[in-house]
Amino acid sequence: MLAIEPLSAEEILFLLDQSKPFQEIQRHPLKKLATLRGKTVALAFFEPSTRTRVSFATAASRLGADQMNLQAESSSLKKGESLLDTVRTLDAMKPDCIVMRHSSSGAPDFVARNLLLPVINAGDGTHEHPTQALLDALTIRDRRGTLEGLNVTILGDILHSRVARSNIHLLSKFGSRITLCGPAMWLPRELERLVPAGASIRRVMRIEDALEGADVVLTLRVQQERLHEPALATDEYILQFQLTPQRLRIAKPDALVLHPGPMIRGLEIDPAVADGPQSCVLDQVTNGLAVRMALLFLMIGADASSERDSSHAAD
Amino acid sequence: MRIVEKTQLMTATEIDRTVQRLAHEIVEKSGGTSNLGLIGIRRRGVPLAKRIAQAMRGIDGVDVPVGTLDITLYRDDLSKVAAQPVLQSSDIPFQVDDKDLVVVDDVLYTGRTIRAAMNGLFDLGRPKRVRLCVLIDRGHRELPVEATFIGRSVQTSDTEIIEVRLNEIDQEERVVLVERLP
């Protein structure tokens with residue numbers, strides 16, 4: 001699982017369907033399964049991450065898998081070891097798959113080409129964050145009943161956002177009309193080429209225009225260090241692009257508000273919207289567990305080397 | 001591998017009669033139906049559980065709740081199967097705590113499915129009692145599991161398979177004994 005882009009709509013729907021049983025598990029009083037007992041998931045986060053790492057670690061734990069943890073702060077990368085040597089070292093400890101985040105776009109792909117181990121991309125540079133797009137899609141489908149033909153507005157720093165890219169790839173496969181909105185410097189024309197010919201995508205500079213008729217509003221985190229004079233000051237961003245209750249009223253009355261987190265209240269999103277009835281942010285977190293459990297189960301649940309017939313094995 | 005049908009074990013009428021009898025037995029041996037809950041194991045235990053609940057309505061006028069359980073995540077042979085099994089949803093719309101549960105499945109064979117089902121149920125709570133109801137008991141147990149309510153016991157050999165075919169899933173209604181030939 002390296003990216004959303006090469007997946008078909010059918011494959012995406014299959015992954016979402018397989019996530020449903022794991023949504024139920026989150027409601028069980030006992031949430032721990034033994035399904036992946038004896039398997040090991042290597043978590044290799046070469047870039048600081050809290051929520052995605054905790055989510056993958058919890059997903060692995062709830063399936064009964066053990067974990068190997070590698071974090072950027074404590075890793076040998078700081079001592080000058082190459083990426084390939086680091087992951088080869090992990091591989092030599094015989095995990096069953098590797099979940100990887102890296103600040104360089106394409107790093108998980110590079111690792112997948114050099115190891116036999118299944119690799120799950122947990123976010124690479126400005127390229128993709130496939131599990132985030134899947135959990136967003138699961139959240140939208142649960143609330144809307146479908147992914148087909150929605151008006152989706154993505155707000156913020158689209159240029160640097162792997163979340164935006166994965167979501168654009170995913171939603172355009174279902175015929176969404178995608179509107180990108182943010183400061184011009186984060187809205188290059190090249191973004192329109194992310195979708196296949198014929199898919200609907202447009203860039204809009206005014207948030208009021210971008211929200212018109214929206215079914216889903218995906219707000220991105222704005223990295224404050226990217227806001228600076230004279231290009232764009234923080235105050236100016238808030239004035240022009242913050243998702244406020246007044247602006248949200250321009251969208252459809254039941255429009256969903258998504259945010260991948262971490263959310264900066266008062267910057268990209270008004271607290272009243274973040275905590276409002278249209279906000280899905282906590283559902284997104286819970287669904288993230290379900291999607292990641294489903295992926296781990298699908299990737300390492302069955303042993304491909306065995307030749308036994310599965311159809312009658314259980315009874 | 002060829003699959004050859006050897007005999008028909010039950011007709012549609014016999015299945016129906018057996019379901020009616022099983023419903024009567026459960027009502028009779030439960031000392032009241034108010035605390036009962038049926039759990040159908042996916043896939044063919046589900047329509048069977050629904051039919052038993054329907055039959056109970058005719059006997060006692062009671063509405064016994066029916067839940068469905070997918071045991072895939074609790075199987076003990078996942079690491080040995082080649083093809084990834086497809087997960088189905090479980091849906092148990094009542095609290096299992098202190099309930100008098102009857103797990104319903106089509107065929108009781110090794111007992112491993114039932115072991116898995118009990119693991120799944122206990123993740124949901126602590127039932128007061130769990131009993132098992134099956135349409136066919138074909139023997140060859142590998143675990144200490146027995147059914148309280150049995151539609152029919154059938155002697156089988158290892159190479160034989162019992163196929164319960166139900167309208168809701170298979171668009172036909174009968175039970176057959178088939179054999180796998182190399």
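Reader: Where does Arg43(B) lie in chain B?
Author: This is a predicted model. In it, Arg43(B) sits in the loop that runs between strand S2 (36–41) and helix H2 (45–60) of chain B.

Reader: And what kind of peptide bond joins Arg42(B) and Arg43(B)?
Author: A cis one, with omega about 5 degrees. Most peptide bonds are trans.

Reader: Over to chain A. Which residues does a cis peptide bond join there, with omega about -10 degrees?
Author: Gly261(A) and Pro262(A). Pro262(A) is in the loop between strand S9 (256–258) and helix H10 (271–274) of chain A.

Reader: Now phi. What is it at Asp98(B)?
Author: Positive, about 65 degrees, although Asp98(B) is not a glycine. Most residues other than glycine have a negative phi.

Reader: Where is Asp98(B) found?
Author: In chain B, in the loop between strand S3 (66–69) and strand S4 (100–108).

Reader: Is Asp98(B) buried or exposed?
Author: Exposed: Asp98(B) has 11 other C-beta atoms within 10 Å, and the cut-off for exposed is 12 or fewer.

Reader: Next, Gln171(B). What is its phi?
Author: About 60 degrees, so positive, and Gln171(B) is not a glycine.

Reader: Which elements does the loop with Gln171(B) lie between?
Author: Helix H4 (167–170) and strand S8 (174–181) of chain B.

Reader: How many other C-beta atoms are within 10 Å of Gln171(B)?
Author: There are 8, and Gln171(B) therefore counts as exposed, the limit being 12 or fewer.

Terms used. Residues are numbered from 1 along each chain as its sequence is written. Chains are lettered from A and ligands numbered from 1 in the order in which they are written. This is a predicted model: local features need pLDDT of at least 70, side-chain atom pairs count only at pLDDT 80 or more; totals for chains, interfaces and linings use all residues. Helices (H or I, at least four residues) and strands (E, at least two) are DSSP runs, numbered from the N terminus. A residue is buried if 20 or more other C-beta atoms lie within 10 Å of its own, exposed if 12 or fewer, and partly exposed in between; C-beta atoms are placed from the backbone.
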